[in-house]
Amino acid sequence: MTGAVVAIAIVLIVVGGITAAVVSNFRLQRHRADAVAMASYRKLAEEAVARQEALETELAELKAKVSSIDDMLRRIE
């Protein structure tokens with residue numbers, strides 16, 4: 001009887017170890033996928049900030065041009 005119990009215990013330990021290894025592998029893969037997604041998001045955010053800064057610069061230039069045109073029109077009146 002004790003031989004059967006030992007055999008069952010060994011099988012349960014092996015199955016538990018395999019299960020833990022598989023679960024750990026899936027967690028690692030999910031973590032890696034999250035890291036890749038975060039890196040992509042960070043790159044996208046940096047590009048968005050750069051584009052926003054370029055648009056703000058262009059908007060400031062256009063505002064200055066409109067202001068100078070407005071000044072010229074006021075002088076004409």
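A: One term to start with: a salt bridge here is a side-chain nitrogen of Lys or Arg within 4 Å of a carboxyl oxygen of Asp or Glu. Note that this is a predicted model, where local features need pLDDT of at least 70 and side-chain atom pairs pLDDT 80 or more, while totals for chains, interfaces and linings use all residues. Residues are numbered from 1 along each chain as its sequence is written, and side-chain values use heavy atoms, without hydrogens and water.

Q: How many salt bridges does the structure hold?
A: One. It joins the side chains of Asp70 and Arg74, at 3.2 Å from N to O.

Q: Where do Asp70 and Arg74 sit in the helix?
A: Both are in helix α1 (residues 2-76), and because they are four residues apart, about one helical turn separates them. Helices are DSSP runs of H or I with at least four residues, strands are E runs with at least two, and numbering goes from the N terminus.

Q: Is Arg74 buried or exposed?
A: Arg74 is exposed, with 58% relative accessible area. Asp70 is partly exposed at 33%. Buried means under 20%, exposed over 50% and partly exposed in between, using a 1.4 Å probe and protein chains only.

Q: And what share of the residues is buried?
A: 0% of the 77 residues.

Q: What are the overall dimensions?
A: The C-alpha atoms fill a box of roughly 110 × 15 × 5 Å along the principal axes. The radius of gyration is 33 Å, whereas a compact globule of 77 residues would have one near 11 Å. That radius is taken over C-alpha atoms, and the globule rule is 2.2 Å times the number of residues to the power 0.38.

Q: Which residue pair shows that along the chain?
A: Take Asp71 and Ala20: they are 51 residues apart along the chain, and their C-alpha atoms are separated by 75 Å. Asp71 is in helix α1 and counts as partly exposed at 33% relative accessibility.
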